[in-house]
Amino acid sequence: MSPKFTRKGNNGQNYPVCYGEHVLGGGVIRLWCRHQNLCTPRWIVGNYYISIDVRGSTQQVVKMMKFMLLFSRQGKVRLQQWYSATQEKEKKKIMRELITIILARKPKMCSFLEWKEYKIVYKRYASLYFCCAIEKGDNELLTLEIIHRYVELLDKYFGSVCELDIIFNFEKAYFILDELMLGGEIQETSKKNCLKAIAAQDLLQEEADATRNVLEEMGLP
């Protein structure tokens with residue numbers, strides 16, 4: 001295999017660096033010589049590394065997410081967040097069609113699919129499906145990272161999050177999502193800052209509940 005890119009060594013010779021690349025949305029999948037020091041994530045296959053580089057052009061990023069859905073294997077919607085004006089009737093139609101399509105797909109099939117004017121990116125975690133709709137020119141790899149970051153935040157907050165946590169504490173799931181995403185765009189990438197903001201909200205809620213309980217005990221409205 002002939003290298004696509006080479007690097008000149010101290011002795012003046014050219015050493016193979018990259019044997020090929022494939023552009024996928026805003027990301028680049030590259031096949032590297034194994035001795036190269038690469039950034040993660042990467043996979044070792046024989047004498048080569050396979051890496052995914054999502055640090056490409058700044059023009060190929062997620063401009064605005066259209067909506068995010070969380071639903072179970074039984075097709076029950078557990079969370080929905082819409083970032084563009086959509087009528088209620090149209091929302092129900094979109095959810096019904098997308099849930100049917102995604103649940104019918106096999107586990108080993110690609111997590112990206114084109115649907116109408118959107119590109120759908122989804123990922124299953126345990127019994128929940130996380131589904132996002134983006135524009136066709138947006139970065140699907142970055143959208144997967146956004147989904148994973150949201151799951152990490154839920155897991156940190158609830159401690160090994162499960163579907164029941166979303167059902168009985170759905171307002172917390174919305175709070176966490178609002179700290180991560182604002183208007184369909186990334187607002188905060190730091191997990192620590194997101195969790196700190198959620199903790200501050202919890203403290204305010206506890207103080208408000210305590211004040212209300214005291215007023216009720218005093219017989220005041």
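**The end of H2.** I began just after H2, where Gly-159 takes a positive phi of about 80°. Helices (H or I, at least four residues) and strands (E, at least two) are DSSP runs in my notes, numbered from the N terminus. Before going on, I noted that this is a predicted model, where local features need pLDDT of at least 70 and side-chain atom pairs count only at pLDDT 80 or more, while totals for chains, interfaces and linings use all residues. Residues are numbered from 1 along each chain as its sequence is written, and side-chain values use heavy atoms, with hydrogens and water left out.

**Along H2.** Helix H2 covers residues 140–158, 19 residues in total. I checked its reach: 27 Å from first C-alpha to last, close to the 27 Å expected at 1.5 Å a residue (the expected span is 1.5 Å times one less than the number of residues). At the N-terminal end I found a cap: a side-chain oxygen of Asn-139 lies 2.9 Å from the backbone nitrogen of Leu-141. I then listed buried residues (under 20% relative accessible area; exposed is over 50%, partly exposed in between, with a 1.4 Å probe and protein chains only). In H2 they include Ile-146, Ile-147, Tyr-150 and Phe-158.

**Ser-160.** Which loop holds Ser-160? I found Ser-160 between H2 and helix H3 (163–168). Ser-160 is exposed, because its relative accessible area is 57%. Leaving aside neighbours within four places in sequence, Ser-160 is in contact (heavy atoms within 4.5 Å) with Asp-155 and Asp-165.

**The sheet.** Next I traced an open sheet of five strands, in the order E7-E6-E10-E9-E8, with antiparallel pairing (two strands pair if DSSP finds at least two bridges between them). Strands E7 (77–82) and E8 (112–115) stand at the edges with a single partner strand each, so one side of each has no neighbour in the sheet. On average, neighbouring strands here are turned by 20° against each other, direction ignored. For such angles, axes are lines fitted to C-alpha atoms, for helices over the stretch in contact, and angles run from 0 to 180 degrees between N-to-C directions. I also looked at E8 and strand E9 (residues 118–125), which pair over four bridges in the antiparallel sense. Tyr-118 in E9 is the bridge partner of Trp-115.

**Helices across the strands.** H2 lies across E6, E7, E8, E9 and E10, at about 35° to E9. Helix H1 (residues 88–103) lies across strand E6 (67–72), E7, E8, E9 and strand E10 (128–135), at about 55° to E6.

**Faces of H1.** Which residues of H1 are buried? I noted Lys-91, Ile-94, Met-95, Leu-98, Ile-99 and Ile-102. The buried residues of H1 pack against E6, E7, E8, E9 and E10. On the other side of H1, I found Lys-89, Arg-96 and Thr-100 exposed.

**Asp-202.** Is Asp-202 buried or exposed? Asp-202 counts as buried, because its relative accessibility is 15%. Asp-202 lies in helix H5 (residues 191–217). Not counting residues up to four places away in sequence, Asp-202 touches Tyr-157 and Lys-172.

**Whole chain.** Last, I noted five helices and twelve strands. Buried residues make up 35% of the 221 residues.

Definitions and conventions: A polar contact is a pair of N or O atoms within 3.5 Å; within protein, one must be able to donate a hydrogen and the other to accept it, and residues adjacent in sequence count only if both atoms are side-chain atoms.
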